[in-house]
Amino acid sequence: MAMGKTPGSGDDEVEGAGFAEINITPLTDVMLVLLIIFMVTSSVITQQGPGGGAKAGLKVNLPKGGAADVTARTTDLSVAVLADGRFVLAGNVVAEAELKQAFDAAKNQNPDTVVIVQADEGVPHGTVVQVMELAKKAGLAQLAIGVREGD
C-alpha cells in the first residue's frame with residue numbers, strides 16, 4: 001500500500017481500466033426473445049402440417065412395408081390410431097362416434113373416398129379392424145393401410 005492513501009478510497013485503481021466483468025443481460029434478453037419466436041413458429045408449423053390428418057405433428061410409428069401403392073389424394077380420409085388406442089382425424093383426437101360421423105359425411109361427399117388407416121406398430125390388430133369396419137358400415141369400401149417404406 002502506498003503512503004498517504006487510505007484503504008478503500010478508490011485511488012489505487014488504475015485510470016482507464018474498464019470493467020473486468022461481462023454484462024450478459026442483453027445476451028440473455030436476446031436469447032429469450034429467440035426462444036419465444038422458435039416456440040411460437042414451431043407450434044404453427046405443427047398445426048399447419050401438409051395434408052392434415054395424422055401428419056400434422058403427431059408421431060405415429062408406422063410399420064415398415066413395401067413400396068407405397070397408395071398415393072394420397074385430397075379426397076382421401078386419413079385416420080391415425082395412436083399407440084394408446086385413440087383415433088386421430090385431421091389432426092384432432094376424436095371418439096368412435098365422431099369417426100363414424102366423419103365416415104358418413106365422406107361417403108355423402110364422395111363415394112370413392114379411400115380411407116387410409118395409419119396405425120402405430122403397438123396398436124392391436126383388433127383396433128385397426130374396428131376402424132375398417134366402421135368405414136365399411138358407412139359404405140366406404142376402398143380401404144388402405146399406411147406404412148413407412150422399408151429399406
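Predicted model: local features only at pLDDT ≥ 70, side-chain atom pairs only at ≥ 80, totals over all residues.

Trainee: Okay, where does Thr41 lie?

Mentor: Thr41 is part of helix H1, which covers residues 25-47. Its side chain reaches the backbone oxygen of Phe38 at 3.2 Å.

Trainee: Now Thr113. Buried or exposed?

Mentor: Thr113 counts as buried, because its relative accessibility is 2% and the cut-off for buried is under 20%.

Trainee: And where is Thr113 found?

Mentor: Thr113 sits in the loop between helix H2 (96-109) and strand S5 (114-119). A polar atom of the Thr113 side chain lies 2.7 Å from the backbone oxygen of Asn110.

Trainee: Switching topic: what order do the strands of the sheet have?

Mentor: The order is S4-S3-S2-S5-S6, in an open sheet of 5 strands with mixed pairing. Strand S4 (92-94) and strand S6 (142-145) are the edge strands, so each pairs on one side only. From one strand to the next, the twist averages 30°.

Trainee: How many bridges join S5 to S6?

Mentor: There are 4 bridges between S5 and S6, and the two strands run parallel. Val115 stands opposite Leu143 in S6.

Trainee: Which strands does H2 touch when it packs on the sheet?

Mentor: H2 touches strand S2 (77-81), strand S3 (87-89), S4 and S5. The direction of H2 makes about 165° with that of S2. Helix H3 (residues 125-137) packs on the sheet too, touching S2, S3, S5 and S6. The direction of H3 makes about 165° with that of S5.

Trainee: Back to H2, then. How many residues does H2 have?

Mentor: H2 has 14 residues. From its first C-alpha to its last, H2 reaches 20 Å, close to the 20 Å expected at 1.5 Å a residue.

Trainee: Which residues of H2 are buried?

Mentor: Those are Leu99, Ala102, Phe103 and Ala106. They cover an arc of only 100° around the axis, so they end up on the same side of H2.

Trainee: What's exposed on the other side of H2?

Mentor: Over there, Ala97, Gln101 and Asn108 are exposed.

Trainee: Last one: what covers the buried residues of H2?

Mentor: The cover includes S2, S3, S4, S5 and also H3.

Conventions:
Residues numbered from 1 in each chain as written. Heavy atoms only, no water. Polar contact = N/O pair within 3.5 Å; in protein donor to acceptor, adjacent residues only side chain to side chain. Buried < 20%, exposed > 50% of the residue type's maximum accessible area, 1.4 Å probe, protein only. Axes fitted to C-alpha atoms, helices over the stretch in contact; angles between N-to-C directions. Contact = heavy atoms within 4.5 Å. Expected span 1.5 Å × (residues − 1). Arc of directions from axis to C-beta.
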